[in-house]
Each structure stands twice: as C-alpha cells, then as structure tokens.
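Subject: Handing over a structure, with notes

Hello,

Here is the structure I promised to pass on to you. Please open it alongside this message, and then read on for what turned up in it.

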Amino acid sequence: VVKKPMDLQKVMDNLNKKRYSCPYEWYKDIRLVFQNAIDYYNEGEIYSIEAIYLLNVLNKLSIGLNLKTEQEWSNSVTKLSKKLTDYI
C-alpha cells in the first residue's frame, strides 16, 4: 500500500543533515508521513483518524512557511516539527 515510506525520524534526520533545499521538499515529506498512515490503515482506525487530523493541522500551521532565508526557514520548520510532535 505504501509506495514511498517516510517517517518523522527520517524527516528529522533530513533536516539535521540539511538535505532539504527548499521548504516545499520538507513539506512534501511531512505530508507523506501522514498520507501513508491514511493509506495504510483502514478508514475509522485510530491511526488513520489521527493522521487525517494531523494533516489538517499541518496544512493550517504551514501557511506562510515560505520564508526568505534558509536560516529563517530552518528555525520555523524546527518549531513546526516540535508542534506536530506535541500533537502526536
């Protein structure tokens, strides 16, 4: 079911190793984490429900994330990742 595996630890590793060249790459990977959970678990299962909820939270929190400098982007992404982890 999951064609491209992705998890939050891999996203954090990619952030720490500066593998993302732009905010959109990070955003795609984070969305992929939640979309994979939605696709993998049956509708109505707690993991699927939580993934849908967290994907909606991500969409709301990521508005305006397109920042001008890499440092601003990195700081914002780290803060957003912490917020998402707290939600989980």
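Before the rest, a word on the source. This is a predicted model, in which local features need pLDDT of at least 70 and side-chain atom pairs count only at pLDDT 80 or more, while totals for chains, interfaces and linings use all residues. Residues are numbered from 1 along each chain as its sequence is written, and side-chain values use heavy atoms, with hydrogens and water left out.

**Helix 2 and helix 3**

Helices here are DSSP runs (H or I, at least four residues), numbered from the N terminus. Helix 2 covers residues 23-40 and helix 3 covers residues 46-61; their axes come within 7 Å and cross at roughly 155°. Those axes are lines fitted to C-alpha atoms over the stretch in contact, and the angles run from 0 to 180 degrees between N-to-C directions. Helix 2 and helix 3 are therefore roughly antiparallel to each other, a term for angles over 145 degrees. The crossing of helix 2 and helix 3 is left-handed, that is, the near helix is turned anticlockwise from the far one by less than a right angle.

Among the residues making this contact are Trp 26, Ile 30 and Phe 34 of helix 2, and Tyr 47, Leu 55 and Leu 58 of helix 3. Contact means heavy atoms within 4.5 Å. Sorted by class, the contact of helix 2 with helix 3 has 12 nonpolar, 3 polar and 1 charged residues. In that sorting, Ala, Val, Leu, Ile, Met, Phe, Trp, Tyr, Cys and Pro are nonpolar, Asp, Glu, Lys and Arg are charged, and the others, Gly among them, are polar.

**Helix 1 and helix 2**

Helix 1 spans residues 8-16, and its axis comes within 9 Å of the axis of helix 2, with a crossing of roughly 165°. That makes helix 1 roughly antiparallel to helix 2. This crossing of helix 1 and helix 2 is left-handed. Leu 8, Val 11, Asn 14 and Leu 15 of helix 1 meet Trp 26, Asp 29, Ile 30 and Val 33 of helix 2. The residues of the contact of helix 1 with helix 2 divide into 6 nonpolar, 1 polar and 1 charged.

In the loop between helix 1 and helix 2 you will find Lys 18. Its phi is near 55°, a positive value in a residue other than glycine. Most residues other than glycine have a negative phi. Lys 18 is exposed, with a relative accessible area of 63%.

The rings of Tyr 40 and Tyr 41 have centres 4.9 Å apart and planes at 85°, so the pair is edge-to-face. Tyr 41 also pairs with Tyr 47, in a tilted arrangement with 4.8 Å from centre to centre and 35° between the planes. Tyr 40 is exposed at 52% relative accessibility, and Tyr 41 is partly exposed at 28%.

**A few single residues**

Leu 32 sits in helix 2 and is buried, with a relative accessible area of 18%. Leaving aside neighbours within four places in sequence, Leu 32 is in contact with Lys 4 and Met 6. The C-alpha atoms of Leu 32 and Met 6 are separated by 6.5 Å, although these residues are 26 apart along the chain.

Lys 4 belongs to the segment before helix 1 and is partly exposed at 49%. With neighbours within four places in sequence left out, Lys 4 is in contact with Asp 29, Leu 32 and Asn 36.

Back to the opening residue: Asn 42 is in the loop between helix 2 and helix 3. From C-alpha to C-alpha, Asn 42 and Trp 26 are 26 Å apart in space and 16 residues apart in sequence.

Best wishes

How values were computed
Helix = DSSP H or I, 4+ residues; strand = E, 2+ residues; numbered from the N terminus. Parallel < 35°, antiparallel > 145°, perpendicular 65-115°, else oblique. Phe/Tyr/Trp six-rings, centres within 6.5 Å; stacked < 30°, edge-to-face > 60°. Buried < 20%, exposed > 50% of the residue type's maximum accessible area, 1.4 Å probe, protein only.
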